[in-house]
Amino acid sequence: MGWDFETDPEYQEKLDWADRFVRQEVEPLDLVWPHQQFVPLDDARRKVVDPLKDEVRRQGLWATHLGPELGGQGYGQMKLALLNEILGRSQWAPVVFGCQAPDTGNAEIIAHYGTPEQKQRYLQPLLDGEMFSSYSMTEPHAGADPTLFKTRAVKDGDEWVINGWKFFSSNAKTASFLIVMAVTNPDVSPYKGMSMFLVPTDTPGVNIERNIGLAGERLNEGFHALIHYDDVRVPADALLGGEGQAFVIAQTRLGGGRIHHSMRTIGMAKKALDMMCERALSRETAGSILADKQFVQGYIADSYAQLMQFRLFVLYTAWEIDKYNDYKRVRKDIAAAKVLMPTVLHDIAWRAMQVHGALGTSNEMPFMSMVHAAAVLGIADGPTEVHKVTVARQVLRDYDGTDGMWPTEWIPGKLEAAKAKFADYLEHEVGNL
Ligand SMILES: Cc1cc2nc3c(=O)[nH]c(=O)nc-3n(C[C@H](O)[C@H](O)[C@H](O)COP(=O)(O)OP(=O)(O)OC[C@H]3O[C@@H](n4cnc5c(N)ncnc54)[C@H](O)[C@@H]3O)c2cc1C
């Protein structure tokens, strides 16, 4: 009997350490240096952040998403899920633990498809936490449907020349390099005619036109770049993987990225539930504390059940990835987790905000940011609708239609068959139809 819902005591000790460490040492960074986690460290921040990273390394929890050959622990997705749900409480925690998106996914594809030279130049500094990267795929006119992408890379002697526009390339302004998806052969299906390129951000022609911010951020001070690639020349060896492999590479990257977001979302939603319960036990109105009101009890019960369902599903999906070591084989459940993620976070954060009254809606509490994060999670890495289509298609693969007029479970038909099966024993008509 293989099912087990317990963490082994040795790893649980590490998780308990991580939980204390994130609450006491890392969450304060979110308050003194908000939204700075992807900005290369200046002297002041380095003095604080480097010792924290060293402590994580000493505990054996640095870059746990990677195998030992790449400087990680080779813990696999299940252990990463348990750790990530702790890190999800804090903006800075993934950076301090060396497992922040989008760098994790970018590191994963360079590890998988990169040449030894590409690994030395881009992967090692990423793993050391000394460099940030950006994934430049979405275009201003098309995101959910990559077959519509127009950015072109054309071979010119020993070089590729890239021209086009990319939108929402996160962290491009602080990244050292970009992974750019471009059409290299417009005459074949887009699934075979696009390639990936490693492009240093300071290459002439990489023009960041705007840094789009999310709601609440100041105009043009955000982290999601609109980039004009204007005759950007890169050498032939800037190609990542083979020509025409962009879709395969993108699937490798986005599979991991999506489930890692789900893991961290558990942490954020748990934080909202914790706050909801604390407030319910603290605030008194109309003759009793909020925890005694049935509406509020409903919020707590619904939130707990929703969170547990989601958490168990994400852990199960992580277990499947470890078992099959193949994101494609697990894509139905990765897509289903991606679909659930925004709703779970939205619903729990919204109820927690409601229970806090006016204070909950203010910028002195994190609920609005969580609700906004939920909206973002329904778009980034592909909109919910597209993932629902993936889930439905995969689910339908396990079914066949019927040839006849009536469904297989049509009761009159089944009753006739049942009667025929037991005809020898039936003295008279049975059943309720
Ligand atoms: C915070 C954030 C960070 C991001 N970071 C990056 C990044 O680093 N690199 C990068 O390349 N991209 C990034 N993106 C872009 C993201 O991948 C795209 O926004 C996403 O793929 C959707 O593309 P779109 O915005 O063009 O929406 P569209 O493709 O225009 O879709 C708009 C809406 O149409 C509906 N829709 C679309 N397709 C279908 C369908 N098949 N069936 C039914 N309805 C549909 C959905 O409601 C969808 O939300 C980021 C986005 C966000 C919000």
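The legends below describe close-up views of one predicted model.

Residue numbers start from 1 along each chain as its sequence is written. In this predicted model, local features need pLDDT of at least 70 and side-chain atom pairs count only at pLDDT 80 or more, while totals for chains, interfaces and linings use all residues.

View 1. The chain has 14 helices and 10 strands; helices (H or I, at least four residues) and strands (E, at least two) are DSSP runs, numbered from the N terminus. Its C-alpha trace spans about 90 × 65 × 45 Å along the principal axes. Of the 433 residues in the chain, 38% are buried. A residue is called buried if 20 or more other C-beta atoms lie within 10 Å of its own, exposed if 12 or fewer do, and partly exposed in between, with C-beta atoms placed from the backbone. The domain assignment gives domain 1 (9-114), domain 2 (133-240), domain 3 (247-396) and domain 4 (403-433); such bounds come from an automatic or database domain assignment. Taken over C-alpha atoms, the centres of domain 1 and domain 4 are separated by 61 Å.

View 2. The ligand is surrounded by 21 residues, of which Met 137, Gly 143, Ala 144, Ser 170 and Pro 383 are the closest. A residue is near a molecule or strand if its C-beta atom, placed from the backbone, lies within 6 Å of it. Two or more residues of this shell come from each of strand 1 (133-136), strand 3 (159-170) and helix 13 (384-396). The shell divides into 12 nonpolar, seven polar and two charged residues. Here Ala, Val, Leu, Ile, Met, Phe, Trp, Tyr, Cys and Pro count as nonpolar, Asp, Glu, Lys and Arg as charged, and the others, Gly among them, as polar. The ligand lies between domain 2 and domain 3, because both give residues to the shell around it.

**View 3. Helix 8 against helix 10.** The axes of helix 8 (residues 246-282) and helix 10 (residues 331-355) come within 9 Å and cross at roughly 20°. Axes are lines fitted to C-alpha atoms, for helices over the stretch in contact, and angles run from 0 to 180 degrees between N-to-C directions. The crossing angle therefore makes helix 8 roughly parallel to helix 10 (under 35 degrees; over 145 is roughly antiparallel, 65 to 115 roughly perpendicular and the rest oblique). In the contact of helix 8 with helix 10 there are 17 nonpolar, four polar and five charged residues.

**View 4. Ala 101 and Pro 102.** A cis peptide bond, with omega about 0°, joins Ala 101 and Pro 102. Pro 102 is in the loop between helix 4 (93-96) and helix 5 (103-113). Most peptide bonds are trans.

View 5. Most residues other than glycine have a negative phi. Asp 231, in strand 7 (residues 224-235), has a positive phi near 55°. Asp 231 counts as exposed because it has 10 C-beta neighbours inside 10 Å. Asp 381 has a positive phi of about 60° and is found in the loop between helix 12 (367-377) and helix 13. With 22 other C-beta atoms within 10 Å, Asp 381 is buried.

**View 6. Gln 36 and Gln 91.** Gln 36 lies in the loop between helix 1 (9-32) and helix 2 (43-58). It has 18 C-beta neighbours inside 10 Å and so counts as partly exposed. Gln 36 and Gln 91 are 55 residues apart in sequence, and their C-alpha atoms are 9.1 Å apart in space.
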